[in-house]
Amino acid sequence: MGWLRYLRRKRWDQERARELECYLEQEIADNLARGMSAAQARDAAHKKLGNLTLIREDIYRMNSLGFIETLWQDVRYALRGLRKSPGFTLVALLSLAMGIGATTAIFSVVYGVLISPYPYARPGEIWAPSIHDLKNPQQVRNWHRIREYMEVKKLPAFAETMATLPETRLLTGEGAPERFQSIDVTANAFQFLGVAPVLGRSIQPSDVRPDGQPEPVIVLSSGAWKRLFDSRPDALGKKLILNDEPFTVIGVMPPRFGWYTSEGGWVVLPEDVRDKRYAAGIVRLKAGVSPQAAEDQLQALHTRLAHEQPEDFPKSGFTTKLDNYLDVTTASGEMQSSLRMLFGAVGFLLLIACANVANLQLARSTARSHEISVRMAVGAGRGRLLRQLLTESMVLSLVGGVLGVLLAIAITKAVELLIPGDYVPNEARITVNSYVLLFSAAVSVFTGILFGLAPALKSSRPDLVDALKDAGRTSGTGGGTRTRSALVIAEIALSVVLLMGASLTIRGFLQLQSVNPGFQADRVLMMGLQVSPKRYSTYQQRIAFSENVLAALGTIPGVQSVALGNGGLPFGGPRSQYSIEGQPKEDSRELLLGLISSGYAQTLGIPLRAGRDLSPQEITRVEPVALINETAAKLWPAGANPIGARVHLDVLDKLPPEQLKAPSISPVVTVVGIVGNTRNDGLRNPTLPALYLPYTILATTGRTVALRGSAQPMQMLNAVRERIRGIDKDQPLGNPITLAEVLGFETVQPRFNMALFSFFGFLGLALAAIGIYSTLSYTVARRTHEIGIRMALGAGRGDVLHLMLKMAGRLVLIGLGVGLAGSLALAKFIGSEVFQVPGTDPVALAGVVLLLTFAAFLACFVPSRRAARLDPMSALRHE
Amino acid sequence: MLQGTLDLLILQTLVPGPAHGHTIAHVIEHRSEDVLQVEHGSLYPALHRLETRGWIASFWGTSENNRKARYYRLTALGRKQLEAQTSNWDRLVQAVNRVLRPAGE
């Protein structure tokens with residue numbers, strides 16, 4: 001009933017208006033009949049009836065639901081007000097949206113990547129053991145031999161353990177042969193991880209036969225299911241040929257299940273003491289057992305194992321640690337620090353945004369104190385006024401909030417695209433986090449309301465007469481000015497800190513870009529070649545295959561040189577302790593080894609500094625010859641010539657028995673040549689001393705092959721495929737990649753940091769500049785009258801400009817100082833791994849100061865010039 | 001005027017038959033021999049209130065001198081209200097009288 005009346009209140013009003021008209025007509029007619037004149041009659045009738053509008057309002061109010069009516073009125077009034085000052089509205093809305101959007105987006109990424117990356121059951125209760133070398137803490141062993149794992153499993157501290165052994169097998173059959181990631185997991189793995197399959201079943205303990213042999217079954221990842229079977233349910237029961245053995249598909253895991261692979265599958269790892277391979281074990285603790293107690297048990301076990309197999313453990317002693325699985329993700333380290341810092345950065349952005357909104361609201365409410373006084377003078381109640389101001393702030397904040405949500409979604413998407421996949425666990429999913437969205441929206445909205453209301457509270461009990469008289473004639477030295485100045489200083493300081501971050505990441509990125517990798521990255525195509533261990537089961541077969549590949553690829557037109565390698569293509573490789581003949585041995589020193597073919601240096605474009613290259617004959621005959629890099633050459637005392645010197649390599653003494661190796665290997669090799677340095681440990685790390693040996697020492701199943709030739713390396717791919725097929729039609733090619741792309745991966749994380757820090761840094765600068773601009777514009781507007789007087793008394797335009805710039809310049813200088821001091825203080829706490837350069841980098845610092853000064857000057861100049869151009873007469877008349 | 005008495009007077013005025021606002025105002029004025037001065041305007045919110053309560057109903061009609069006017073009539077509910085309020089009123093008046101002029105004076 002009430003609602004119906006509410007909806008029909010307009011009609012009621014018209015009805016009553018007509019009725020009142022009728023009354024007047026009647027009364028006038030009566031009055032005329034009494035003999036009054038027409039004018040008298042009308043006046044008397046009106047007098048009798050009273051205030052017409054008031055009556056209608058009375059009735060209208062009866063029909064309306066009070067608060068809704070006024071709310072609607074206020075909302076409309078607020079919208080009208082916001083439309084009338086589009087500059088204020090735009091800036092306030094943008095500030096709110098940026099603050100809410102950026103904070104939410106980055107936190108969403110942090111949440112998805114760092115806080116909750118895994119779909120596994122209780123991931124925070126999974127622990128991973130690792131063995132740390134006491135002397136050389138960088139040396140960490142986080143695997144166990146299967147035999148060792150079986151002992152670990154028996155420790156009383158653990159409720160459950162599982163082991164994983166990532167393998168790549170050759171998939172043959174219907175499609176082209178490919179390398180297929182098939183992860184060996186112990187039979188209890190799926191119970192341990194606690195994820196159910198979407199189709200079929202997962203591996204169960206019964207998949208290990210009583211005789212210890214594993215059933216040939218495979219559980220597919222969602223990716224493999226899609227790629228190999230188009231996600232058809234009839235994949236169950238189909239056979240996959242892996243390394244020439246058939247595996248039956250028994251189940252498919254959900255997309256987010258990415259245990260060591262998102263593209264392959266999982267097969268059973270039998271627990272066999274004779275298995276010499278290494279597996280990564282993870283454990284869950286028994287209830288009531290502390291990680292500390294478990295570490296002690298593990299350490300005791302490791303000490304015993306080290307007694308039995310000393311060569312598997314660090315000689316100089318070790319400690320055992322348990323790391324929580326959430327801390328050992330692929331996102332730990334660099335990505336973790338980047339994301340944490342970004343989170344801090346957007347926190348600053350949110351603060352700047354809030355300061356901006358506060359500033360704008362303050363300026364606006366102060367400007368409206370006259371309007372408020374007028375409204376109170378004509379009878380508006382204080383509560384009613386407050387409600388109206390509150391509504392206005394709410395409307396602004398809500399619209400800003402909605403924009404913020406949209407922006408949060410957009411930035412989250414952008415970050416998801418930008419984030420380097422290799423640094424994020426493949427299980428991680430990045431989605432907009434609703435709690436943070438609520439939080440940052442609440443913060444910004446609250447700020448808007450607080451600062452919209454505070455001055456309203458003050459101005460709603462003003463001395464009316466004063467405020468009315470005062471109308472816009474105050475000079476800019478009221479109480480609000482101090483708050484506003486403080487806010488501007490805070491904004492500038494915060495944006496200086498943000499800009500420092502941006503500036504440092506840019507510097508770091510540019511430095512990395514200018515690093516000389518030591519090889520010529522263009523024109524080189526690289527790919528993996530992995531042979532089936534079954535079909536190539538002898539040393540001779542595998543070496544013959546490699547030599548055939550080298551010969552066949554060398555005949556491709558346009559190819560200048562071909563090389564094979566294990567290690568050094570372009571980074572990393574096995575390491576070995578060594579001793580140089582005639583020098584005392586130092587245990588902690590290691591050489592990086594590259595197993596190469598002849599032409600390695602030529603293919604990668606590494607200059608030969610002295611001596612000669614390894615000849616093809618030396619490679620074929622596995623002669624004990626070697627190349628070293630310039631860093632390794634420095635291991636010899638100055639003046640001594642390393643060429644012709646002999647080096648003993650410990651690793652050649654005790655090659656693992658399961659490896660196929662050359663019939664006779666000498667652990668002592670003679671240096672025949674010195675090649676230029678390459679950044680062989682990644683672009684960001686210094687060059688390690690390296691030594692290159694004939695690849696024929698070992699016949700591994702996997703090799704990397706590199707070709708130097710065409711300017712468009714990928715164009716060689718078809719010819720390469722053809723030649724390889726000519727040698728063995730079942731041989732797959734690994735992912736082809738150019739050397740330039742490999743180098744590009746090295747700069748992915750710095751690029752990500754640079755992109756985001758710069759984006760947020762400039763956003764912060766823009767917001768701060770707008771803050772300066774709006775505050776100054778407002779001050780100029782407030783002081784128009786004063787400026788008029790000054791000019792009338794003889795101040796020139798230059799004086800006015802100077803006055804204004806001086807005022808703004810002070811704020812900027814203080815802000816800049818505070819900001820720089822703050823960022824230098826922060827730099828102490830922040831590892832330079834995010835930035836690649838120290839936090840005190842002078843170039844970065846100078847860049848920030850210049851940029852901020854320029855932006856601040858622009859922001860000050862426009863309103864100051866407006867003040868200087870004032871016509872004194874109109875300024876004095878300005879009300 | 002006492003709160004609620006205007007409602008009572010309006011309802012009473014409508015007992016003989018429908019009337020429009022102008023008539024009601026004047027009737028109340030005359031009946032009370034001009035003691036009860038109603039600002040005629042305040043009559044209309046009261047009429048509106050009574051109508052929304054369903055005590056009176058309205059319709060557009062033609063007045064004595066051939067003008068359009070909105071007429072009000074008493075509804076059944078209004079009649080009941082009038083009786084209840086009248087007896088209330090009588091009780092109130094008696095009570096007040098007893099206080100002002102105690103018996104035996």
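**Close-ups of a predicted model**

**View 1. Helices α17(A) and α22(A) pack at an angle of about 140 degrees.** In chain A, α17 covers residues 539-554 and α22 covers residues 717-727, and their axes sit 10 Å apart. Keep in mind that this is a predicted model. Why do we call α17(A) oblique to α22(A)? Because an angle has to be over 145 degrees to count as roughly antiparallel, and 65 to 115 to count as roughly perpendicular, the angle of about 140 degrees makes the pair oblique. As for handedness, α17(A) makes a right-handed crossing with α22(A).

**View 2. Here's who meets whom between α17(A) and α22(A).** On the α17(A) side, look for F545(A), N548(A), V549(A), A552(A) and L553(A). Across from them, α22(A) brings V720(A), R723(A), I724(A), G726(A) and I727(A). Sort the residues of this contact by class and you get seven nonpolar, two polar and one charged.

**View 3. Chain B meets chain A.** Chain B puts 17 residues into the contact, and chain A puts in 18. On the chain B side, the elements giving two or more residues are α2 (21-31), α3 (40-53) and β3 (68-74). Which of chain B's elements gives the most? That's α3(B), with eight residues. By class, chain B's side has three nonpolar, nine polar and five charged residues.

**View 4. Stepping back to chain A, we find 28 helices and 23 strands.** Of the 879 residues in chain A, 41% are buried. Now take the contacts in chain A with a separation of 6 or more: 85% of them link residues 24 or more positions apart.

Note on methods:
Residues are numbered from 1 along each chain as its sequence is written. Chains are lettered from A and ligands numbered from 1 in the order in which they are written. This is a predicted model: local features need pLDDT of at least 70, side-chain atom pairs count only at pLDDT 80 or more; totals for chains, interfaces and linings use all residues. Two residues are in contact if their C-beta atoms, placed from the backbone, lie within 7 Å. Helices (H or I, at least four residues) and strands (E, at least two) are DSSP runs, numbered from the N terminus. Ala, Val, Leu, Ile, Met, Phe, Trp, Tyr, Cys and Pro count as nonpolar, Asp, Glu, Lys and Arg as charged, and the others, Gly among them, as polar. Axes are lines fitted to C-alpha atoms, for helices over the stretch in contact, and angles run from 0 to 180 degrees between N-to-C directions. Angles under 35 degrees count as roughly parallel, over 145 as roughly antiparallel, 65 to 115 as roughly perpendicular and the rest as oblique. A crossing is left-handed if the near helix is turned anticlockwise from the far one by less than a right angle, and right-handed if clockwise. A residue is buried if 20 or more other C-beta atoms lie within 10 Å of its own, exposed if 12 or fewer, and partly exposed in between; C-beta atoms are placed from the backbone.
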